[in-house]
Amino acid sequence: MHDVRSASREPLLQAVGIVKRYGDFLANDDIDLDVFPGEIHALLGENGAGKSTLVKIMYGLIQPSAGELRWLGRTVVLDGPSEARSLGIGMVFQHFSLFENLTVAENVALGLSAAESFTSISKRLQETAEAYGLPLEPRREVWRLSVGERQRIEIVRALMQNPKLLILDEPTAVLTPQEADQLFVVLNRLKEEGRAILYISHKLEEVKRLCDTATILRGGKKIATCDPRRETAASLARMMVGGQVGEVRVSSRAFSQPRIVVRNLSLSPADDHGTRLDDISFEVRGGEIFGIAGVAGNGQDELFAALSGERASLTSPTIVIDGKPAGRLGVNARRRMGAAFVAEERLGHCTAPRMKLSENALLTGHAASGMVSRGFVVKRAMLAIVDRATESFDVRKARRDPEAMSLSGGNLQKFVVGREILRDPGVLVVAQPTWGVDAGAAATIRQALVDLAAHGTAVLVISQDLDELFEIADRIAVMFRGRLSAPLGAAGVTREKLGLLMGGAGAEPEKPEASRAVGA
Amino acid sequence: MQLVLERRAERSNFATIASPLAAIALTLVTTAVLFAILGKNPFVGLEVYFLDPLTDPYSLGEILVKATPLVMIAVGLSFCYIANIWNIGAEGQFLIGAVAGSWLAVRTNGTDAGPWVLPAMLVLGTLGGALYGLIPAICKVRFGASEILTSLMLVYVANFGMDYLVRGPWRDPHGLNFPTTADFDPVATVPVLIDGTRVHAGVLIALLVVILASVVLGRTLMGFEMRLVGAAPKAARFSGFSTDRLVLVTFAVSGALAGLAGIIEVAGPVGHLQPDISPGYGFTAIIVAFLGRLNPIGILIAGLFLALTFIGGENAEIMIKVPLDLTKVIQGILLFYVLACDSMIVYRARLLHTAQKAAHADA
């Protein structure tokens, strides 16, 4: 533990011995943190390390069980976000709090003091947005905007209160690489203006590029404060994870016949704010891992629902599984054809949170896995799947058959992926396979997907994580506003090229090429 | 000092059993207070209400008779409630079942129809209840109408429809203008099991329903479907189950069981169709379902307990001169405590000292 900064400057905000206890669980365990003016301070850690808890305490959203906050050396008690804001602390959350049906200006006005007139707010909004190079049209409704634009609203809203400290919670999780670069320019300007930025992330390269100081949390404890530019990504990762992270072994694989073929799939959204799927075509061959990249909200959820059959009502030939048309079939009929699906949301979609793991094995297994005999469930077969998944995928749990929600994110994700892999599927469609899970579990899951493909399965991975796709995918296509780009060989494509496609650039002219590439 | 509720990591098995027992205990204490307020000796009151009916064979038989419709209806309702589907209209389905079965009894009255009449009546009652239950279900699936409102409103339709029949076309011509049908023939009557009581064969049917429901809920895919739709609708869709289909199925099943209970009640203890065949069985069964933890065995026990309050209430009216409506008050208090104690299954209460208070303020 070495503090790299000179002790002469006065910290803007100090957290001293912060403890946050939830029942028997220590979310924050005696954390000290100093944020200085004019620095970008990274708060690094895996999911569950206690980052969000700590910043919520700093923003007055929750109260620490012990310890105190000092603002410019003076002890303060923040009873709520409004007190934090009046001190000069602004925050941009990972999940935006915006009303979709209201305009940009209306949303900003809602978050500001009622004393200011709406015209004056709109004017200040436009000035602030222009001053920082964050273009925003005040009169546009939020639902028309991309995720990146929505984030701009949140940032501008925070900047309009002229904060001395701006807290950003995983701001690049939803951005394309280019959008992230634009954000970094803005953040560097704020730093030059003497403002402090507390930047929460688990992306190491980005922290090394942007931040002056990094504080690393693990399991609720502070591990170190360091200068990230003097560390390597590997050394930072070691501090975050507390051990070496395994590399995925990529075996060379031979591709066989296409096992899932999608042809000219168009589908209107089920609700007003959904994305229309527009003429999507691709195929995945046996042995291949096909990655679909893209910023969230560009039709990935709709595509998953169409592929799984949760939204059927298509014409039959748009989706073909192992040579048989499946477009009009429901999710169970597709499972009987050898397809398996892992949805993005672990709790509530993939599993019923308050049901036991054995029952959650039945959830996707009842149609095709011998767990039902003449309408009766076979408990033994359900438990057998739980035991096999536990063993093969190292699912850690307190008891043999606990409720799904008692597992940690990573262990539950290993279970829901394992549950499908154990069915030995011919086609596996998986959305965000390692979203929000720890590095160890992520490596296990990616290895399992690679091994499954090596076994002859066609694997389709929908992911926002480009690193993940580069690590395991053979070909990558990008979704933007309901359309899918031509697939690109993962070996030959650059991050920049994918980033441009994720931002919508170059999608249109490549359309004819797309159909040819698919047929190849 | 401050009391806070914390979510438990897992459902507590102990609390699942302790919660209804605690609810009953709290109800007894509150009832004792009520007796005291009414100027009666609370201990005598409780004894008359909850103990005396258990000491004499006739009252024990009456408890079985009252518990039979309660248990059958509540088992059907539990199917709906487990799936988060809200059938509040079991009272109406009970009445329509009674009417549908009685139609055959009235038609064959005084003829030499054979022993097929009673089974046919039971089938008609079951069908009638099921079809009547399907009305709100179809309205929900087709038009998105709230089943809570439609099923409740249909209770009144059933009530007045039956009233019309017994005062009009089906009225017993020799019945001195009382609004009642003629007494059913022996072939249209549920046989009494124990002489000297009114305990009838319907008790066995109720037991059979409890056993079948236990098997369906605990062991079959359909039971899993109901639990899954109730617990996590999105996961249920992922599992390939259709909520619409389940609305239709659970309403039909709960309607069928309520209808069967209805025809057994008129063809058994009552013996003819008349307006006041139900002291609110369909509504009391909602309490039974929740007190029994939506579990068939639990419902059997809860049904016996609620039946005890009916009999105890009648006793208390005669013995210590308290109003019969006290029974409804006690049933209401019981439901209140059941729902309150249920929170303890998912949450646990902790007393916090002032120092810890701040820590939990926003947690």
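Predicted model: local features only at pLDDT ≥ 70, side-chain atom pairs only at ≥ 80, totals over all residues.
View 1. Across the contact, 12 residues of domain 1 of chain A meet 17 residues of domain 2 of chain A. On the domain 1 side, the largest share comes from helix α6 of chain A (residues 177–192), which supplies 3 residues. Sorted by class, that side of domain 1 of chain A comprises 5 nonpolar, 4 polar and 3 charged residues.

**View 2. The six-stranded open sheet of chain A.** The 6 strands of this open sheet in chain A follow the order β6-β7-β8-β3-β9-β10, with mixed pairing. Strands β6 (89–92) and β10 (221–226) of chain A stand at the edges and have a single partner strand each, so one side of each is left without a neighbour in the sheet. From one strand to the next, the twist averages 20°. At one end of the order, strand β9 (residues 213–218) of chain A pairs with β10(A) in the antiparallel sense over 5 bridges, and A:Leu217 stands opposite A:Lys222 in β10(A).

**View 3. Helices lying across the sheet of chain A.** Helix α5 (residues 147–159) of chain A lies across β6 and β7 (165–169) of chain A and runs at about 175° to β6(A). Helix α6(A), which also contributes to the domain contact, lies across β3 (40–44), β7 and β8 (196–201) of chain A, and its direction is at about 145° to β8(A).

**View 4. Antiparallel strands β1, β4 and β5 of chain A.** Strand β1 (residues 13–22) of chain A runs antiparallel to strand β4 (residues 66–71) of chain A, and 5 bridges join the two; within this pairing, A:Ala15 stands opposite A:Leu69 in β4(A). Strand β4(A) also pairs in the antiparallel sense with strand β5 (residues 74–76) of chain A, here over 3 bridges, and A:Trp71 has A:Arg74 in β5(A) as its bridge partner. The hairpin of β4(A) and β5(A) has 2 residues between the strands, and in this hairpin A:Leu72 takes a positive phi near 50°.

**View 5. The packing of helices α1 and α2 of chain B.** Helix α1 (residues 13–37) and helix α2 (residues 42–51) of chain B pack at an angle of about 120°, and their axes are 8 Å apart. That angle makes α1(B) oblique to α2(B), and α1(B) passes α2(B) in a right-handed crossing. From α1(B), the contact involves B:Leu28, B:Thr31, B:Ala32, B:Phe35 and B:Ala36, while α2(B) provides B:Pro42, B:Gly45 and B:Leu46. By class, the contact of α1(B) with α2(B) contains 6 nonpolar and 2 polar residues, and no charged residues.

**View 6. The packing of helices α11 and α13 of chain B.** Helix α11 (residues 281–291) and helix α13 (residues 326–346) of chain B pack at an angle of about 30°, with axes 10 Å apart. That angle makes α11(B) roughly parallel to α13(B), and α11(B) passes α13(B) in a left-handed crossing. The residues making the contact are B:Thr284, B:Ile287, B:Phe290 and B:Leu291 of α11(B), together with B:Gln331, B:Leu334, B:Leu335, B:Val338 and B:Leu339 of α13(B). In the contact of α11(B) with α13(B), 7 residues are nonpolar, 2 are polar and none is charged.

Methods. Residues numbered from 1 in each chain as written. Chains lettered and ligands numbered in written order. Contact = placed C-beta atoms within 7 Å. Helix = DSSP H or I, 4+ residues; strand = E, 2+ residues; numbered from the N terminus. Nonpolar A, V, L, I, M, F, W, Y, C, P; charged D, E, K, R; others polar. Pairing = 2+ DSSP bridges. Axes fitted to C-alpha atoms, helices over the stretch in contact; angles between N-to-C directions. Parallel < 35°, antiparallel > 145°, perpendicular 65-115°, else oblique. Left-handed = near helix turned anticlockwise from the far one by under 90°.
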